[in-house]
Amino acid sequence: CVNALPAGWPDVARIGEQPRAPLFVVVPPPLTFAAAFAAGLALQHLAPLPLPRGAWLDAMHFAGAALGNAGLLLALVCLGMFARRRTTVLPARSASAIVERGPYRFSRNPMYLSLILAYAGLAGMLESPWSLLLLPLPVATLQRVTIPYEESRLAAVLGEDYARYRARVRRWI
């Protein structure tokens, strides 16, 4: 678990200051995932990787549909919970409350997990193994840039409440 921002980043722990957010915070994570996915589709078109045949291809489509739908459902549940608490889902904005119910009891980032599930599912449904191979890129931006920035902001704005939540709930699962 990363507890601090990389060296050279602005100190976002001071309440009231608005440091400039890094690019992968300003650009919403779904757009980062969409860009990686589109690059994978283009690569699959230009330099196709082999796909399974017959029953294996059907299984890949079924697994993709299951993962994609699970990701979509999880995202909708999370968005509803954020709306109910009247807090932002945008990483560059300051949260006004901690969402601790539902999937947030098990993960501090179920919305990001929903993006990963939906991305992997769509790659299976659209037969794009290149997209799956590129999935670590947007996940790395979450892990190394977006989430540390968000956690620093949450600690600054929500203080001890967030510290207790963070101690109780894991970052991913």
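Predicted model: local features only at pLDDT ≥ 70, side-chain atom pairs only at ≥ 80, totals over all residues.
**Pocket**

I took a pocket as an open set of points on a 1 Å grid over the protein atoms alone, where a 1.4 Å probe fits, with protein on both sides within 12 Å along at least five of seven lines.

Residues are numbered from 1 along each chain as its sequence is written, and side-chain values use heavy atoms, without hydrogens and water.

Which residues line the second largest pocket? I listed Pro30, Phe33, Ala34, Phe37, Gly68, Leu115, Ala118, Tyr119, Gly121, Leu122 and Met125 (lining residues have an atom within 4 Å of a point). Helices α2 (29-46) and α4 each give two or more residues to this lining. The largest share, 6 residues, comes from α4. Ala, Val, Leu, Ile, Met, Phe, Trp, Tyr, Cys and Pro count as nonpolar, Asp, Glu, Lys and Arg as charged, and the others, Gly among them, as polar.

**α2 against α4**

Next I checked how these two helices pack. The angle is about 20°, and the axes are 11 Å apart. Axes are lines fitted to C-alpha atoms over the stretch in contact, and angles run from 0 to 180 degrees between N-to-C directions. α2 and α4 are therefore roughly parallel (under 35 degrees; over 145 is roughly antiparallel). I recorded Pro29, Pro30, Phe33, Ala36 and Phe37 of α2 against Tyr112, Leu115, Ile116, Tyr119, Leu122 and Ala123 of α4. Contact means heavy atoms within 4.5 Å. The residues of this contact divide into 11 nonpolar, no polar and no charged.

**α3 against α4**

Then I turned to α3 (residues 55-85) and α4 (residues 110-125), which pack at about 155° with axes 7 Å apart. That makes α3 roughly antiparallel to α4. I found that α3 brings residues including Gly64, Gly68, Gly71 and Phe82, and that α4 brings residues including Ser114, Gly121 and Met125. The contact of α3 with α4 divides into 16 nonpolar, 7 polar and no charged residues.

Methods. Helix = DSSP H or I, 4+ residues; strand = E, 2+ residues; numbered from the N terminus. Parallel < 35°, antiparallel > 145°, perpendicular 65-115°, else oblique.
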